[in-house]
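I opened this notebook to record what I looked up in one structure. The entries follow the order in which I consulted the model.

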Amino acid sequence: MPNGPAVRRRKLGAELRRQRETAGLTSRQAATAVGWHQSKVSRIETGRSGVKPTDVVRLLDAYEVVDAGRRALLAALCTPDAAGRRGTRHDWWYAYGDLLPVGYRDFISLESAASLARTLETTVVPGLFQTPEYARAVTRAALGDLPDEQVEELVAVRLTRQSVLRGAAPMGVCAVLDEAVLRRSVGGPEVMAGQLRRLVEFGALPHVSLHVLPFTHGGHIGMSGPFVIFSFSPMADLDVVVLDHLTSSIYLERKEDLQAYCTAFETLRARALPHDDSLEFIAAINVGA
């Protein structure tokens, strides 16, 4: 990711600068309030320096920012090079810090702060919708040499991630699923049948929209691979695209990249079945056939 961290540093720095200015403080006054040199505040605000979540919290305290959602978002959006950490003890994934790769921890931190996720999946059911049995089968297929204990811990992480779909202000999800996701019998017919039922259940949630792209609709722009677009209300300029690879994740945050992927997603959603038709499509699949 040659440009991603620098882009995110600039975006986060600009937002911290706006919060400082709203508080009526100069950079020198802000630095004095948190016990830093003025140059550190300047480097953070111009994106020349990474910033830790704990430092973001200190600045927001000094600026008397009390909005819990905004505080959590800005703390979570620290750059990946600064976020190569286990997580803070207040993050639920802190307990799994030794197990989870840095890229996965960064992905979870973004997901936990996002207001909307738009995702294209071409191979497996999105993690947010997986049953324990399906998640276990996927993990074993991808990481077959792991001890059973670590497999179960990774499954627990995946299931805990689903908490973003619950609560008073759940994250919205709009997912486009290639038909291959539904036809691949991961874990066998019984596991797959349960997974398809769970998809229909998640699809009934008011903040979840599912769209199936049938084989009969032919080729599509999403055949280049799956992706997720995270959005963070009310700060639209902090959107980020995540691309998963075998050994790492790539984060795209340039305006041109975001526009390209947002356009691609809308094109895919338009080609796919409407939400209600998609749920009927999923419910009609006979995994034993």
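I began with burial: buried residues make up 49% of the 289 residues in the chain, where buried means under 20% relative accessible area, exposed over 50% and partly exposed in between (1.4 Å probe, protein chains only). I note that the model is predicted, that local features need pLDDT of at least 70 and side-chain atom pairs pLDDT 80 or more, and that totals for chains, interfaces and linings use all residues. Residues are numbered from 1 along each chain as its sequence is written, and side-chain values use heavy atoms, with hydrogens and water left out.

I then looked up the secondary structure and found 12 helices and 6 strands, which are DSSP runs numbered from the N terminus (helices H or I, at least four residues; strands E, at least two). Of the contacts with a separation of 6 or more, 71% join residues 24 or more positions apart; contact means heavy atoms within 4.5 Å.

Next I examined the nonpolar cores, that is, sets of buried Ala, Val, Leu, Ile, Met, Phe, Trp, Tyr and Cys residues joined through side-chain atoms within 4.5 Å. The largest has 46 residues, and F129 is among those that touch the most other members. Helix α10 (residues 189–203) supplies the largest share of this core, 5 residues. A second, separate core of 16 residues includes V34, V56, L60 and V65. Beyond its neighbours within four places in sequence, F129 has contacts that include L165, L199, F202 and L210.

I turned to R140, which is found in helix α7 (residues 132–142). R140 is partly exposed, at a relative accessible area of 35%. Leaving aside neighbours within four places in sequence, I found R140 in contact with D148, V151 and E152.

E64 is not a glycine, yet has a positive phi of about 55°. Its relative accessibility is 67%, so E64 counts as exposed.

The axes of α2 (residues 27–34) and α3 (residues 38–45) come within 8 Å and cross at roughly 115°. The contact is made by S27, R28 and A31 of α2 and Q38, V41 and S42 of α3.

Definitions and conventions:
Axes are lines fitted to C-alpha atoms, for helices over the stretch in contact, and angles run from 0 to 180 degrees between N-to-C directions.
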